[in-house]
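Here is a briefing on the structure below.

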Protein chains: 2
Amino acid sequence: MSSTTDRADQTDPIAAVQRRVTLADIATEAGLSLATVSKVLNGRSDVSELTRARVEKLLHSHGYLRRATAVASGSARMVELLFHELESEWAIEIIRGVERVARQAGISLIVTESGDRHSPGHAWIDGVLSRRPIGVILVFSDLDPQTKHKLRSRGVNFVVVDPADEPEPDVASIGSANWAGGFAAAQHLLSLGHRRIGMISGPDDMLCSVARVDGYRSALERAGVSFDAELVRVGDFHVDGGRRGASELLDLPDPPTAIFAGSDLQALGVYEAARPRGVRVPEDLSVVGYDDLRFARWVGPPLTTIRQPLGEMAETAARMLIRMSEDPDAPLNQRFDLATSLVVRASTAPPARRADGAGL
Amino acid sequence: MSSTTDRADQTDPIAAVQRRVTLADIATEAGLSLATVSKVLNGRSDVSELTRARVEKLLHSHGYLRRATAVASGSARMVELLFHELESEWAIEIIRGVERVARQAGISLIVTESGDRHSPGHAWIDGVLSRRPIGVILVFSDLDPQTKHKLRSRGVNFVVVDPADEPEPDVASIGSANWAGGFAAAQHLLSLGHRRIGMISGPDDMLCSVARVDGYRSALERAGVSFDAELVRVGDFHVDGGRRGASELLDLPDPPTAIFAGSDLQALGVYEAARPRGVRVPEDLSVVGYDDLRFARWVGPPLTTIRQPLGEMAETAARMLIRMSEDPDAPLNQRFDLATSLVVRASTAPPARRADGAGL
């Protein structure tokens, strides 16, 4: 018998005291040995798919839960950070924040990229079950109900950072004030005198993106500027999406004098679309980004943007997870939205008068 | 008795077959139980400091080694990536590369920041001993002999990426062609017609930095331009160091017409020093960076730089570690230097004639 199974056998009784259903109940009902049920619980590979499915179903139907406190008391404590892509420039800000808090607590940090925005994939789930971290921080993605239960039945809690979609009511999350950020970006451009303000949103199936568009729209309407759907393009939060959206906007018969780019990377795409057209930033076109990644201050011209406190969001998520694993009474579905703020640099200015010949 | 000790007891005999000294020998000599020796080997905290020191000394004097293959066959396999600072922009390129290879091999990645360029610290070492990864990738830092032996005696191999210092002959490392990179940077500026070429080096106790300066110097001398120590300033690989070095160079009575900045971040510091002085890049001052981080193409003006294949270096390091853990005959001290290459963008140009009035 392997040591992993030993550990489960030792800790399960502790956990079971606090629960209605014990692993022994599950084993009896399934007609399996306790060792086999333990193997499934611990993500071991030496169990048939059929047996695994049967046990999972019973764990689920009985609502078997193990508190993280009972699990984590063993060997090295870990926390998992899952990205759908590490590609994005702001991944490092999140890693830094989580690592800082984890290290101080003597917890090691596992970083994984899922490659899929909507589901972390089987290999990852099985890995988590065998690694038994104190918790998981998911960037962007919520989990499907089955995966959530798989994790919870092993005492693995989770927090979503910057949720792509409205998280289920039972899920803890840390976001930032996206609507207020979008509002502040448009407000800044309006206060400079712009009236024809384009926007490039992120993917329209992502909540943070929809909230930024709504904030932008409300700022316009509040200033008496009617919303023009033609001026909003859907991007991908990357340079490419920004370039594409800005190219379309700048080629309109009546192009905007300012673009709220929805993300710093998209703002760089706007710069790239403006350059070959001889459109100068900020003389002919004001640009506002979103995120305030470190490079925003170094680009040419330095980018006016909305600061999203990514490091703080990451730290808060890590602290929440640690608390969940240490305090049996900690709520498992708290939500926080941290504040965003406008950072004015050199990419925004009052609009040029038409007579001056915008675009040379 | 805990499961961690169980596991050690089970796997040690396997490892011992291939070795001269068994744990039982060590235990007998120390007058301790085998369980206690195992605890030390597995980084458990419930052993007195005195006992721990005695066992470590015996492990060391007998040259006790455990191959990673014997260790890793247990539960979830991990690889550890240790940075002295995650701050630096290029950390994400390294993380991405290691994560890609690790994930494909079904290995999870642990990321830690040591906060110290010269030693990873006790907390980290103890953590590694209890986590038992298949190996460790160290960015920058070699390890002191004692730490190296601690890791090796547990079958934990290691590879240094971008070694700060000449690695010991027994250590595997992946670097890049720093001398050739420095040479290519200076060569490019010389070919544009520059003769007064400043350089901002990285910290002068870092090997990669010394090699870049030597390459720069050799290119100058080969072109018949005598080396002027006044034109070389020591930086810190960050924006601040670049700003400071460039300020000193630009304030010389006879300032350089070009600066090789030693890193992309230092190049941004050069931009920042040039701006308030009315020195235009590239009209009045050519600037070459080093690294080719993603933002290099987005800064104003887009930065000519030396591309260091960080992602590839990271991937190679991960592959080497995996091979060491799977193949008992894999060499443990291989070294590779990957090629660097010049990427020409918009921050370099022929020098302005003095009569044209450099600086407006």
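**Strand pairing and overview**

Strand β6 (residues 197-201) of chain A pairs with strand β8 (residues 258-260) of chain A in the parallel sense, over 3 bridges. Two strands count as paired if DSSP finds at least two bridges between them. Helices (H or I, at least four residues) and strands (E, at least two) are DSSP runs, numbered from the N terminus. This is a predicted model: local features need pLDDT of at least 70, side-chain atom pairs count only at pLDDT 80 or more, and totals for chains, interfaces and linings use all residues. Residues are numbered from 1 along each chain as its sequence is written, while chains are lettered from A and ligands numbered from 1 in the order in which they are written.

**The parallel sheet of chain A**

- M199(A) has F260(A), in β8(A), as its bridge partner.
- β6 and β8 belong to an open sheet of 4 strands in chain A, with the order β7-β6-β8-β9 and parallel pairing.
- The edge strands are β7 (232-234) and β9 (286-288) of chain A, and each pairs on one side only.
- From one strand to the next, the twist averages 15° (axes are lines fitted to C-alpha atoms, and angles run from 0 to 180 degrees between N-to-C directions).

**Chain A against chain B**

- In the interface, 32 residues of chain A are in contact with 32 residues of chain B (contact: C-beta atoms, placed from the backbone, within 7 Å).
- α1 (3-17), α6 (91-104), β2 (108-113) and α7 (122-131) of chain A each supply at least two residues of the side that touches chain B.
- That side of chain A has 14 nonpolar, 9 polar and 9 charged residues.
- Ala, Val, Leu, Ile, Met, Phe, Trp, Tyr, Cys and Pro count as nonpolar, Asp, Glu, Lys and Arg as charged, and the others, Gly among them, as polar.
- β2(A) pairs with strand β2 (residues 108-113) of chain B in the antiparallel sense, over 3 bridges.
- V111(A) stands opposite L109(B) in β2(B).

**Domains of chain A**

- The assignment gives domain 1 (3-64), domain 2 (75-176 + 311-338) and domain 3 (178-308 + 343-356); such bounds come from an automatic or database domain assignment.
- The C-alpha centres of domain 2 and domain 3 of chain A lie 31 Å apart.
- 9 residues of domain 2 of chain A are in contact with 8 residues of domain 3 of chain A.

**Backbone points to check**

- A cis peptide bond joins G300(A) and P301(A), with omega about -5°.
- Another cis peptide bond joins V281(B) and P282(B), with omega about 5°.
- D291(B) has a positive phi near 130°, and D292(B) has a positive phi near 60°.
- D291(B) counts as buried because it has 27 C-beta neighbours inside 10 Å (buried: 20 or more other C-beta atoms within 10 Å; exposed: 12 or fewer; partly exposed in between; C-beta atoms are placed from the backbone).
- D292(B) counts as buried with 24 C-beta neighbours inside 10 Å.

Conventions. Two residues are in contact if their C-beta atoms, placed from the backbone, lie within 7 Å.
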